[in-house]
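Hi,

Here is the structure I promised to hand over. Have a look at it first, and my notes follow below.

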Amino acid sequence: MTAANASIVALGPADLNSLIEHFIASAAQSGRNGDPVNSPYGRDYVFEEEKARETRLSAWGKATTEAGWRRSWGLRGADRIIGHVELHAGRLPTGLHRCTVGLAVERDYRREGFGRALMQTCIDWAREQPSIVWIDLGVFANNSGAVRLYKSLGFSEVGTTQDRFRVDGQSITDISMTLRV
Ligand SMILES: CC(C)(COP(=O)(O)OP(=O)(O)OC[C@H]1O[C@@H](n2cnc3c(N)ncnc32)[C@H](O)[C@@H]1OP(=O)(O)O)[C@@H](O)C(=O)NCCC(=O)NCCS
């Protein structure tokens, strides 16, 4: 897959099936075949497809001045979504100047610049939204490639929580990072 035959697109209801297929594929790669654990869900977790669908159908329609809004972009390969980035707001109106980012590119398509391009797409979009001041994220300390990507985009480390999750017996240290857009 190269930049010539993959594209980053804003996602809507028609993309939900492909997005969910990608979420499930990405989660299954976490902690396997040499990949660092990057998902807080353990091996036995069953992805809640219906909940994921409902959350997005409702949150995509919300303005960025409304609690719970969400925007999602997909990396579209030949016939399905192979990477994504999402921004979402919290539930409190007093926190709407901040949002949180989530990102994944499936293993076969990594180290080709897609992770950076997805992040840049959502940062550029956030910069155009008058209500958004900060993008926050959590990244597992063992996920050094992702930490490196975020630092290179200007994210700063603001805190570390040791033993934040225990995933399949592994204690996970979580790093909080933020970017002022
Ligand atoms: C983190 C992730 C999104 C990076 O996606 P990607 O498409 O491979 O990233 P890019 O090719 O755009 O790489 C951008 C930069 O990130 C850093 N980077 C990414 N993966 C790296 C790795 N495995 N080792 C070292 N650096 C890495 C490098 O600095 C790289 O720049 P370079 O290629 O010029 O050296 C991808 O590895 C992934 O989806 N991992 C699983 C899910 C995940 O960890 N999501 C983040 C959770 S917080």
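Two caveats before the rest. This is a predicted model, where local features need pLDDT of at least 70, side-chain atom pairs count only at pLDDT 80 or more, and totals for chains, interfaces and linings use all residues. Numbering starts from 1 along each chain as its sequence is written.

Back to the ligand: 18 residues surround it, and the closest are Asn-38, Arg-110, Gly-115, Gly-145 and Leu-149. Strand E4 (98-105), helix H3 (114-127) and helix H4 (144-152) are the elements giving two or more residues to that shell. H4 gives the most, with five. Helices (H or I, at least four residues) and strands (E, at least two) are DSSP runs, numbered from the N terminus.

As for the fold, the chain has four helices and seven strands, in the order β-α-α-β-β-β-α-β-α-β-β. Its C-alpha trace spans about 40 × 40 × 30 Å along the principal axes. Of the 181 residues, 25% count as buried, meaning 20 or more other C-beta atoms, placed from the backbone, lie within 10 Å of the residue's own.

Cheers

Notes
Near = placed C-beta within 6 Å. Buried ≥ 20, exposed ≤ 12 C-beta atoms within 10 Å, placed from the backbone.
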